[in-house]
Amino acid sequence: MKDVLAYAEERMKKSVSSLDQDFNALRTGRASAALFDKIRINYYGQQTPLAQVANISIPEARLIVIQPWDKSMIGEIEKSIMSSELSLNPSNDGKVIRLNIPPLTENRRRDLVKMAKSIAEKSRVSIRNIRRDAIDSMKQLEKDKDISEDELKIGEADIQKLTDSYVKQINEILELKEQEIMEV
């Protein structure tokens with residue numbers, strides 16, 4: 001029974017961690033190196049994360065500077081940024097790439113909040129699916145006479161408490177992200 005609970009909790013933690021990563025990729029009005037976590041560069045035939053081929057710095061609130069370690073990669077980095085979902089226009093001086101983060105319009109902010117809510121709902125569904133799987137495992141243990149009916153009820157209650165706590169975490173993360181998106 002404890003194995004089922006531990007496995008369910010481990011999967012729930014991964015769901016919340018995945019939500020954090022998805023939210024980091026959402027562009028707010030601020031410069032953030034996390035925007036580039038999902039961008040891959042064709043580095044000598046290998047798809048390589050941008051952070052592994054360049055230094056990403058944020059000298060100002062709305063400016064990102066990308067300095068490739070290999071200057072010949074500037075064109076490739078620019079291409080990858082332009083083809084990404086970030087809607088950013090890079091400019092380079094031959095040594096570094098500069099990205100100005102424009103302020104978001106009110107409509108774009110609302111769209112980003114809707115997107116964040118959708119991502120959070122997917123995470124909540126994932127948590128509920130994990131709960132269902134764990135309860136099914138508990139019922140199977142009871143059917144196989146490995147645990148009693150009382151232990152099943154206690155286990156289901158524990159799984160529900162775990163589910164509630166992770167759903168609450170998701171809601172708190174969403175609330176913070178909404179505030180970050182809506183701030184001017």
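The radius of gyration is taken here over C-alpha atoms, and the globule rule used for comparison is 2.2 Å times the number of residues to the power 0.38. In this predicted model, the protein has a radius of gyration of 22 Å, whereas a compact globule of 184 residues would have one near 16 Å. Taken along the principal axes, the box filled by the C-alpha atoms of the protein is roughly 70 × 40 × 25 Å.

**Secondary structure and contacts**

- The protein contains four helices and six strands, and, read from the N terminus on, these elements follow the order α-β-β-β-β-α-β-β-α-α.
- When contacts in the protein between residues at least 6 apart in sequence are considered, 63% of them join residues at least 24 apart.

- Of the 184 residues in the protein, 38% are buried.
- The accessible surface of the protein amounts to about 10,900 Å², and carbon and sulfur atoms account for 47% of that surface.

**The aromatic pair**

- A pair of aromatic rings is described by the distance of the centres and the angle of the planes.
- The count for this model comes to one aromatic pair, formed by Y43 and Y44, whose rings are 4.8 Å apart centre to centre with 65° between their planes.
- Because planes over 60 degrees apart count as edge-to-face, the angle of 65° places the pair of Y43 and Y44 in that class.
- The two partners can also be described by their accessibility: Y43 has a relative accessible area of 29% and is partly exposed, while Y44, with a relative accessible area of 60%, is exposed.

- Leaving aside residues up to four places away in sequence, S15 touches S123, S126, I127 and I130.
- S15 and K122 are 107 residues apart along the chain, and the separation of their C-alpha atoms is 9.4 Å.

How values were computed
Residues are numbered from 1 along each chain as its sequence is written. This is a predicted model: local features need pLDDT of at least 70, side-chain atom pairs count only at pLDDT 80 or more; totals for chains, interfaces and linings use all residues. Side-chain values use heavy atoms; hydrogens and water are left out. Helices (H or I, at least four residues) and strands (E, at least two) are DSSP runs, numbered from the N terminus. Buried means under 20% relative accessible area, exposed over 50%, partly exposed in between (1.4 Å probe, protein chains only). Contact means heavy atoms within 4.5 Å. Accessible areas come from the Shrake-Rupley method with a 1.4 Å probe; for residues, only the protein chains shown count as cover. Rings of Phe, Tyr and Trp (its six-membered ring) pair if their centres lie within 6.5 Å; planes under 30 degrees apart count as stacked, over 60 as edge-to-face and the rest as tilted.
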